[in-house]
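Dear colleague,

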Amino acid sequence: MSNNTATAVPASIVKTSITLGIFALLAALLLGIVNLSTAEKIQEQQLAAERRALGEVLPSSFHDNDLLSKPLPLSPLTSSTPLANNYAAIELLELSVERQAYIALMGNTFSGAILPVEAHDAYSGDINLLVAILADGTVSGVRVLAHRETPGLGDKIDIQVSNWILGFDGKSLANPSLPQWKVIKDGGEFDQLVGATITPRAVINAVQRALQFFQLNRSTLESSKN
Amino acid sequence: MTQSSQSVKEITLQGLWGNNAALVQLLGLCPLLAVSNSVVNALGLGLATILVLLGSNGMVSLCRHYLTPAIRLPVFVLIIATFTTCAELLLRAFAIELYQALGIFIPLIVTNCTILGRAESFASKHSLLPSLLDGLMTGLGFALVLFVLGLLRELLGTGLIFANMDRLLPFAGNWTLEVFSNYTPFLLAILPPGAFFFMGCLIALKNILDKHFALPEVESETPATGSQRVRVTG
C-alpha cells in the first residue's frame, strides 16, 4: 500500500471532504428544524391568505360554508376540444391553466360562485381575475389576481392602487344591459381610466364573460355543491 | 492582530457609511433596485438581509479555523443559502403578504454579493463578536439605503408613504400618510429606470456630504498638511 502512492487518496482530500460533509449535514439539520417548526404555521397562513382573498370578493354575509373546502377544478379546454368537460362554453373564461372555482352555500342552499377568468386582450400580458357572482346573477366583487399593466396608468384596476374595480359590485347582465358593458368612451356605463382604455376594456369584457358563463352553467354549479 | 485595531466605532462607521454596501461598494444592486418601490417592501428585504448577514457572519466566524482554502467558498455559500432559506420560511410563516410581494427577491438574497463579501473579507478573519457587529452594521447600512430609496420612490410615485405597512407589522395598518392629495403620480419613480435615477442621486449626495465634511476635518486634525498646502498655493 505504501508504494502505491498514485492511487492512494491524499489525506487532505479525505479531511476536506469530511469537513464539507459535516457542514452540509449541519446545514440540513438546521433547515430541517426550521422547516418542521414553521410548516404548520405556513400552511395556516397560506389558507388564511386564500380565504382573505376570497372573502374580499364574497363577504361572509353571503355564505356560511368554507369556500376552500370543495374547490371545483376548471380545465382550460376550448370548444374545439370537447372532451370530458362538465361545463358549457368554458372557453368564455379563457383559462390558460387549470384553475379553481368556489361554490358558496348559505344554509346548504346555493348562494353564489367565485369564478376565475382571464383576459388576454389587455395592454401588456394577461390579466387574471376572480369574479364572485351571487345566485341571482349579480356581481358581488371582482379582484385582479395578477396583471402586468403599466404602473400609474393601467394598474388602477388593482384594488391596491384605486377603487375602480369596485364599480362592478352589484352589476349583472341585465344591469347594465349587454351593449352597455363598455367604457363610457365606447358608449357604455363603466368609467375609463385616464391614459388607459385598453386595460378597462379587457377587464369589463372579462367580467361580462364570467357572468355569461355563470348564466349558462348555473344549474351545473348549483348541483356541484354535493 | 487586526481584531484589536478595528474598534467598535470603526466597524460601525464603515458598515453604515464609509464602506456602505449599497452606496460605496455598489453590491446587491439587483434586489435593492427591484424592491425599493415602496417603504414596506424595502424594509422587508432590508430586515431579511440583516438577518442573513448576522447569521452567516456569525457562523463563518465560528467555523473559520476549520475551513481549508479548498472548501472555503462552498461552505460560505452553504451557510448563506441555509440562512436565506430560514429567512424565507420565517417570512412565509409570519408575514405571508410581504413574502408574496417580495417574491423571488427573498431567495435571491443568496446571490447578494454583500453577504459573501463580508463572509470572505471580514468574518473569516475575525472572532465572533466583531463579525456579528460587522454583519449588523453592514446590513443596517444596506437596509438604510433601501429605506430611503423606498421612501423617495413611494412618495414621488404614489403621493403616499408607509402604505400597506401591516404586511410587515400587523399593528401598522393605519400608518399610511397621504402627503400630497390629488397627486398625479410621477411614473418614473416607481418604474425600474427611476430606481437607477434615485440611486444615482443618493450616491451623488453621499459624495457631496463626504466632501463637505472632509474639508474642515483635514484642516482641524492635520494642521501641518493644511498649512503646508496653504503655503504652496499661496
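The notes below go through the contact between the chains, then a pair of helices, then a set of strands.

Please keep in mind that this is a predicted model, in which local features need pLDDT of at least 70 and side-chain atom pairs count only at pLDDT 80 or more, while totals for chains, interfaces and linings use all residues. Residues are numbered from 1 along each chain as its sequence is written, and chains are lettered from A and ligands numbered from 1 in the order in which they are written.

Between the chains, 21 residues of chain B are in contact with 18 residues of chain A, where contact is taken to be C-beta atoms, placed from the backbone, that lie within 7 Å. On the chain B side, α5 (69-94), α6 (96-102) and α9 (187-190) each supply at least two residues, and the largest share, 13 residues, comes from α5(B). Helices (H or I, at least four residues) and strands (E, at least two) are DSSP runs, numbered from the N terminus. That side of chain B divides into 16 nonpolar, three polar and two charged residues, with Ala, Val, Leu, Ile, Met, Phe, Trp, Tyr, Cys and Pro counted as nonpolar, Asp, Glu, Lys and Arg as charged, and the others, Gly among them, as polar.

Within chain B, helix α4 (residues 39-63) packs against helix α7 (residues 113-123) at an angle of about 30°, with the axes 10 Å apart; axes are lines fitted to C-alpha atoms, for helices over the stretch in contact, and angles run from 0 to 180 degrees between N-to-C directions. Residues of α4(B) that take part include B:Val52, B:Leu53 and B:Val60, and those of α7(B) include B:Ile115 and B:Arg118. Because 19 of the 25 residues of α4(B) are buried, this helix is largely enclosed by the rest of the structure; a residue is buried if 20 or more other C-beta atoms lie within 10 Å of its own, with C-beta atoms placed from the backbone.

In chain A, strand β3 (residues 109-119) is mostly covered, with nine of its eleven residues buried. Strand β2 (residues 99-106) of chain A and β3(A) pair in the antiparallel sense over five bridges, pairing being assigned if DSSP finds at least two bridges between two strands. β3(A) and strand β4 (residues 127-134) of chain A also pair in the antiparallel sense, over eight bridges. A:Ile114 is the bridge partner of A:Tyr102, and A:Ile114 also stands opposite A:Ala132 in β4(A).

With best wishes

Technical notes. Contact = placed C-beta atoms within 7 Å. Buried ≥ 20, exposed ≤ 12 C-beta atoms within 10 Å, placed from the backbone.
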